[in-house]
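Opening the notebook on this one.

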Amino acid sequence: MTDYCRNIVNNQTANAPVTLISGATILSMDENVGNHERGDILVTGSTITAIGKDLNAEGAHVIDATNMIAMPGMVDSHRHAWEGQLRRINPNATCLDDYSNATHFSFAKYYRPADIYVGNLLTALGAIDAGITTMIDNSHNSRTAAHADAAVEALLDAGIRAIHASGAPVAGEWDRAHWPGNWQRLQEKYFKDNPEGLVSLGVMAQLEPELWAEARRLGLPIVTEFFGAEMASELKSLHQQGLLGPDNIFNHCTALPDEGWEILREAGVRVNVCPRSDSHYGIESGMFAIEAAQRHGINPGLSVDNETSYSTDMFMEMRVAFYLQRVMGMHKQHCCDSGHSLTTLPAAQLLKSATVDGATCAGLQDKVGSLTPGKQADLILINAADLNLYPNGNAFGTVVHATERSNIDTVMIGGRIVKQNGKVLGVDSERLRAAIDESREHLFAAAGYEPDIFAEKFLPLVQAN
């Protein structure tokens with residue numbers, strides 16, 4: 001790692017032994033715990049130990065959460081974190097090729113390990129700032145072992161809860177000799193002695209049974225970019241061979257026929273959907289697949305996918321999902337079948353998708369996703385007294401339809417406060433910006449790209465190879 005990547009984040013502050021969050025409006029996302037108009041949350045070390053009214057803990061660090069909404073940290077179940085420094089470089093993309101031209105076929109080939117570190121660190125810190133406490137890092141640019149190390153170290157330094165899914169590059173020259181043996185090397189180097197740490201390991205592979213076999217030998221979850229119309233024909237054979245299972249995580253799942261959904265349900269495949277990505281890039285039908293998934297008994301998580309065209313904002317993800325589903329329901333009702341009942345996604349259901357269902361997609365449902373005694377204290381406090389949120393007429397509506405990143409006062413991960421009073425803690429902003437700027441300058445120069453912050457469209461720099 002180059003010198004400019006060091007000491008950007010200092011997250012070595014100790015957890016308070018006991019923290020009492022007092023007087024919050026609590027959206028627990030746990031049916032047994034319920035919701036509280038005004039209640040308290042007791043955190044001991046890294047764990048939620050009690051939720052209720054008028055809790056008392058001698059000597060506890062008290063957070064006054066009056067006029068705040070407490071809820072679980074959100075889970076982004078599919079993010080290409082290495083692309084962080086390419087934010088909004090391609091805002092008007094209209095197809096998946098536009099995305100690939102602005103990432104895989106141009107800058108990705110010139111990433112150094114330091115660039116991977118900067119991208120992952122920036123993405124992870126941005127996620128924390130936006131109330132995302134858990135992320136599945138789909139790292140499809142692990143060009144060398146050093147690149148993979150840099151990605152993991154950035155996640156560890158950021159203090160986010162994450163699954164690093166190490167994947168092969170899509171284009172350009174890369175060190176094929178370390179593939180897929182790099183998975184076992186990463187496991188032994190970073191995770192063998194700390195299996196309960198915030199960051200764990202997964203793999204990223206397409207419908208490649210030989211790679212899946214190696215992942216399963218190591219006990220690692222398998223992440224796949226799955227496009228239903230294009231890839232559904234392969235599901236039946238995979239299922240018959242017993243090659244699909246609960247360790248599979250499928251992204252997108254667009255335009256998947258009913259028989260494909262039935263196979264995913266039977267096999268226990270975990271699913272996440274992408275409201276903005278699928279429509280922005282016109283992926284297959286362009287419609288995220290939450291309705292089809294739920295119709296077949298699957299409750300998918302939500303995911304941001306990438307930031308090359310839009311924001312890291314899970315609140316916006318929920319809002320886009322809400323309105324797309326309304327539009328599609330009205331279209332079916334009025335244009336296709338007058339007897340069709342309008343399908344809607346209530347705000348509470350969307351928040352469940354962004355928390356509980358995302359945690360299930362990540363395989364972390366026993367640790368995070370809800371405010372439940374015994375689970376890890378991954379939570380956020382939203383300042384409902386802010387001008388854009390007050391008065392709070394409906395807690396779910398306030399969170400899903402009105403909250404912004406700037407309204408997040410506090411973020412806690414594993415009992416550690418990582419954002420407080422609206423600021424992510426321990427970040428040397430000047431050093432971070434310098435690292436980002438140096439990385440961008442290197443990537444742009446190496447790819448022969450002349451940046452234009454007013455450009456209407458990113459132009460391909462090279463031929464795909």
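I started with Pro-180, which sits in the loop between E8 and H4 (helices, H or I, of at least four residues and strands, E, of at least two are DSSP runs, numbered from the N terminus). The bond joining Trp-179 and Pro-180 is a cis peptide, with omega about -5°. Pro-391 lies in the loop between E14 and helix H14 (395–401). I also noted Glu-284: its phi is positive, about 50°, and it is not a glycine. That residue is in the loop between helix H9 (275–280) and helix H10 (290–295).

**Ground rules and confidence**

This is a predicted model, in which local features need pLDDT of at least 70, side-chain atom pairs count only at pLDDT 80 or more, and totals for chains, interfaces and linings use all residues. Residues are numbered from 1 along each chain as its sequence is written, and side-chain values use heavy atoms, with hydrogens and water left out.

I checked pLDDT (the predictor's confidence in each residue, from 0 to 100): the protein averages 94, and 94% of the residues score at least 70. Helix H11 (residues 314–336) has the lowest confidence, at a mean of 83, and strand E14 (residues 379–383) the highest, at 99.

**The sheet**

I traced an open sheet of eight strands with parallel pairing, in the order E6-E7-E8-E9-E10-E11-E12-E13; two strands pair if DSSP finds at least two bridges between them. Strand E6 (74–79) and strand E13 (301–302) are at the edges with a single partner strand each, so one side of each has no neighbour in the sheet. Inside the order, I followed E7 (residues 132–139) and E8 (residues 161–167), which pair in the parallel sense over six bridges. Asn-138 has Ala-165 in E8 as its bridge partner. Helix H5 (residues 209–218) packs on the sheet and touches strand E9 (199–204), strand E10 (222–227) and strand E11 (248–254), its direction making about 150° with that of E10. Contact here means heavy atoms within 4.5 Å.

**Helix pairs**

For the angles, axes are lines fitted to C-alpha atoms, for helices over the stretch in contact, and angles run from 0 to 180 degrees between N-to-C directions.

Which helix pair did I take up, with H4 (residues 182–191) packing at about 20°? It is H4 with H5, their axes 10 Å apart. That makes H4 roughly parallel to H5 (under 35 degrees is roughly parallel, over 145 roughly antiparallel, 65 to 115 roughly perpendicular, the rest oblique). Trp-183, Gln-184 and Gln-187 of H4 meet Leu-211, Glu-214, Ala-215, Arg-217 and Leu-218 of H5.

On to H3 (residues 145–158) and H4: their axes come within 11 Å and cross at roughly 35°. Among the residues that meet are Ala-145 and Val-152 in H3, and Leu-186 and Phe-191 in H4.

Last, I looked up H2 (residues 113–129) against H15 (residues 429–447), which pack at about 130° with axes 10 Å apart. That makes H2 oblique to H15. The contact includes Val-118 and Leu-122 of H2 and Ile-436 and His-442 of H15.
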